[in-house]
Amino acid sequence: MDFKECGYSLANKEQMRKTSALTFQSTEKDAKKDTHFENLMTNLSNAYASDLLPFKDGKDLTECFLLQVVDILLHYIKKSFDVKSKILDFHHPHQLLEGLEGFNLELSDHPESLEQLLVDCTDTLKYGVKTGHPRFLNQLSSGLDVIGLAGEWLTATANTNMFTYEIAPVFTVMETILLKKMYEIIGWGETEGDGIFSPGGSISNLYGILIARYKQYPEIKRKGMTELPCIVLFVSEQGHYSVKKAAAILGIGTDNVIEVKCDERGKMIPAELEKNILQVKRKGQTPFCVTATAGSTVLGAFDPLQDIADICERHGLWMHVDAAWGGGLLLSRNYSHKLSGIERANSVTWNPHKLMGVPLQCSAILIREKGLLEACNQMQARYLFQPDKPYNVDFDTGDKTVQCGRHVDIFKLWLMWKAKGTSGFEAQINRYMELAKYFYKVLKKKDNFKLVFDAEPEFTNVCFWYLPPRLKHIPKGFERDQELQKIAPKIKAQMIEEGTAMISYQPCGDKVNFFRMVFSNPATRQTDVDYLIDEIERLGKDL
Ligand code: ABU
């Protein structure tokens, strides 16, 4: 690996020397210090992790090494935002396993030098995917927020655990404050609201279903499933697969998850839900929970939450809302009405790492009734949750969770909220919605693109097919679908090979592979949207 290529270069060493010098007063004494730093820099090839702090003379070398790491990261960040740079330098898994240009992922018995570690850091980024690139449109979570990144650095430096106030005093209080803010935004009353940040939307959905079951059958905690009737839950056919996964994990069984039919936009049909509930009851089974979706993964659909809440009330069912993707829309005064009825939910999943652009991962499970989370999960481990601590042990939140150790996901969100204010998130989210409308309008005018649903987008998801000229004249039907389903994967494979853009595709129901455009990347502009359309045409026209 050439150091210049990877951003770790002699020029960087020079810059590093200057940066280091800036941190000291320019005095003669410090000139000596500069020389000392220069020597350290040139000696990184002979220095090892064991020479860094807490090694007793490791302070300067630690500074040198970390400033170099920052330099590598800055180089990468600048490249990520440079529209001309490639999003990725694609290699197959076997190539990474075999090793690339000196980038060896195998581990040895012997320590590597600090210089080699810097090269490895650079290579790790070089062969990764720049998810902050303006043309990275592949995932619901994308973008590179500099404040969020600073939050992650600080979090990693603090390296603590969320389970007790004792070792995470600031972070546990921050979590309390943010959860309260989220309950208020959802529309829960002052005495309502409980929650926890969890390791992702699937786990938050798992919590929702776990707590729903516990509320109905608290004896499950001691006696297990043997005491329960056959319990059944409902989710739309466009709902997230994590609901089925949760049913499998919780011993409910995937057969006892009923997928409710959706309308043509992907919204759960309330009458179908009620019909399914009655059918289940007639079979002698016991409905207990409905998971509604606010922002479905592929189509971006919002289930009719008010109607679903009415049905849940009528049948005494727990209403969980999976707003992992759509929750952020609550911050927009223009669009929050799409989640009307969420205030009636018993629990909500909301992932700030999606629409709000917080670095992965950052997901909240919010439960309307206080005390249930703890009652369901509490094990009172005496070595950790001693009741006779010298502070209010309500802030020892670790016994609310299914985990023991819990990562600090809160600080980056808190810092970003400080930096943007609620209005900053709102402006960012409104911009995504405008971009989605723009994209839809452009596609609508093009006869070689076909929208999966031809109406203004409900959310930032815009789903579409590209039709190469040879397919345009084949009538709609089986024969055309057979060909059409190969188009998106081929275009995407070529895009990845060239590293020009990234967008996802999938089949859905009876619809063969189509592209899903999604806006959640703050770096994306209208020009990138135009570029993507041209790029799909360029790569697809001869297919
Ligand atoms: N629900 C997980 C995220 C899926 C996506 O990014 O497409």
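Reader: Is Glu-274 buried or exposed?
Author: Glu-274 counts as buried, at 18% relative accessibility. Buried means under 20% relative accessible area, exposed over 50%, and partly exposed in between (1.4 Å probe, protein chains only).
Reader: Before we go on, what kind of model is it?
Author: This is a predicted model: local features need pLDDT of at least 70, side-chain atom pairs count only at pLDDT 80 or more, and totals for chains, interfaces and linings use all residues. Residues are numbered from 1 along each chain as its sequence is written, and side-chain values use heavy atoms, with hydrogens and water left out.
Reader: Back to Glu-274. What does Glu-274 form a salt bridge with?
Author: Arg-314. Their closest N and O atoms are 2.7 Å apart. A salt bridge here is a side-chain nitrogen of Lys or Arg within 4 Å of a carboxyl oxygen of Asp or Glu.
Reader: Where do Glu-274 and Arg-314 lie?
Author: Glu-274 lies in helix 12 (residues 270-282) and Arg-314 in helix 13 (residues 305-315), so the pair ties together parts that are 40 residues apart in sequence. Helices (H or I, at least four residues) and strands (E, at least two) are DSSP runs, numbered from the N terminus. Arg-314 is exposed, with a relative accessible area of 54%.
Reader: How many salt bridges does a search of the whole structure find?
Author: 32. One of them joins Lys-420 and Asp-145, with 3.3 Å between the closest N and O atoms. That pair links distant parts of the chain, 275 residues apart. Lys-420 sits in helix 15 (residues 410-445), Asp-145 in the loop between strand 1 (136-137) and helix 7 (146-158).
Reader: And their accessibility?
Author: Lys-420 is partly exposed at 24%. Asp-145 is buried at 14%.
Reader: Switching to domains. Which ones does the assignment give?
Author: Domain 1 (1-58 + 100-115), domain 2 (161-407) and domain 3 (417-540). The bounds come from an automatic or database domain assignment.
Reader: How far apart are the C-alpha centres of domain 2 and domain 3?
Author: 30 Å. The contact takes 28 residues from domain 2 and 28 residues from domain 3, where contact means heavy atoms within 4.5 Å.
Reader: What area is buried between domain 2 and domain 3?
Author: About 2400 Å², with carbon and sulfur atoms giving 64% of it. Buried area is the accessible area (1.4 Å probe) that two parts lose on being put together, summed over both.
Reader: Which three residues of domain 2 supply more than any other three?
Author: Arg-265, Val-298 and Tyr-335. They supply 26% of the area that domain 2 buries against domain 3.
Reader: What about charges across it?
Author: The count between domain 2 and domain 3 is 3 salt bridges. Elsewhere on my list, Glu-458 and Lys-338 meet through their side chains in a salt bridge (3.6 Å, N to O).
Reader: Last topic: Thr-191. Where is Thr-191 found?
Author: In the loop between helix 8 (169-186) and strand 2 (194-198). Thr-191 is exposed, with a relative accessible area of 66%.
Reader: How far apart are Thr-191 and Lys-370 in sequence and in space?
Author: 179 residues apart in sequence, and 8.1 Å apart in space, C-alpha to C-alpha.
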